[in-house]
Amino acid sequence: HYKYLVKGIEQADSVVVDYHKMMMTPSLSTALIFKRGSDAYKTFSQRAQYLWTEQESEEWYNGGKRSFECTKAMSVLHVYTLYRTFGDSIFGENIDTLFRMATEFSDLISEHKNFELAYEPQCNIVCFRYTKGAEDFTELNRKIRQMLLEDGRFYIVQTVLNGELYLRVSLMNPLSTISDLKELLLEIEKKAALMKV
Ligand SMILES: *Cc1c(COP(=O)(O)O)cnc(C)c1O
């Protein structure tokens with residue numbers, strides 16, 4: 001559904017994919033994909049004459065000739081195992097699920113009078129803040145987040161947009177539900193209420 005977000009990607013000479021973001025692999029699983037395989041021997045090639053006899057030849061089995069590390073973890077195994085077990089449609093389904101959840105969450109926020117949405121989400125990340133009963137929303141939201149983290153039930157991050165602090169939720173787990181997110185909003189309201197006492 002979201003192919004338009006990477007429109008033109010086929011024209012790139014190389015593309016980096018962080019599979020540990022939304023493709024359900026443990027970290028670290030990053031691929032550097034080249035249009036022309038031989039380009040792999042340029043950017044990160046190392047000079048290590050004690051490891052190979054010729055510098056210029058392209059040998060697939062000499063990892064150091066085309067990667068920054070010489071000995072590498074076989075991180076492609078994470079991705080390959082998922083592909084072999086579930087096929088590729090599971091990756092698209094996961095992205096559809098997480099993006100849809102972000103939109104539903106942002107709808108909840110914009111309908112709620114005590115919250116303000118920073119912008120309409122374009123992916124699985126939602127930025128918002130609590131905006132009731134305070135002079136300084138930055139300080140209020142900073143404290144709310146601190147209290148959430150100390151509780152340990154929710155983990156969210158913060159970010160700064162136009163000089164003001166916002167709460168930032170990245171939806172990564174397909175087992176999260178919209179009712180978890182409703183509870184997060186309730187919990188934020190509880191924290192805000194505590195602060196006024
Ligand atoms: C993934 C990500 C990082 C961290 O990169 P890693 O390779 O996972 O360590 C930092 N910033 C943004 C915006 C990211 O998406």
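Predicted model: local features only at pLDDT ≥ 70, side-chain atom pairs only at ≥ 80, totals over all residues.
Is phenylalanine 91 buried or exposed? At 5% relative accessibility, phenylalanine 91 counts as buried, because the cut-off for buried is under 20%.

Now widen the selection to helix H4, residues 89-111. Phe91 is on its list of buried residues, which also includes Asn94, Leu98, Phe99, Met101 and Phe105. Check the length of H4 next. Its 23 residues, at 1.5 Å a residue, should span 33 Å.

Next stop: the aromatic rings. The whole structure holds seven aromatic pairs. Select tryptophan 60 and tyrosine 61. Their ring centres are 5.6 Å apart and their planes stand at 90 degrees, so this pair is edge-to-face. Tryptophan 60 is exposed, at 65% relative accessibility. Tyrosine 61 is exposed too, at 53%.

Tyrosine 83 is partly exposed, at 36%, whereas phenylalanine 91 is buried.

Now select Phe105, Phe115, Phe128 and Tyr130. Ring pairs link these residues into a cluster. Phe105 is one of the buried residues of H4.

Stay on tyrosine 130 for the last step. Its backbone nitrogen lies 2.8 Å from a polar side-chain atom of asparagine 141. Select asparagine 141, in helix H5, residues 137-151. Asparagine 141 is buried, with a relative accessible area of 0%. Leaving aside residues up to four places away in sequence, asparagine 141 touches Arg129, Tyr130, Leu165 and Leu167.

Key
Residues numbered from 1 in each chain as written. Heavy atoms only, no water. Helix = DSSP H or I, 4+ residues; strand = E, 2+ residues; numbered from the N terminus. Buried < 20%, exposed > 50% of the residue type's maximum accessible area, 1.4 Å probe, protein only. Polar contact = N/O pair within 3.5 Å; in protein donor to acceptor, adjacent residues only side chain to side chain. Contact = heavy atoms within 4.5 Å. Expected span 1.5 Å × (residues − 1). Phe/Tyr/Trp six-rings, centres within 6.5 Å; stacked < 30°, edge-to-face > 60°.
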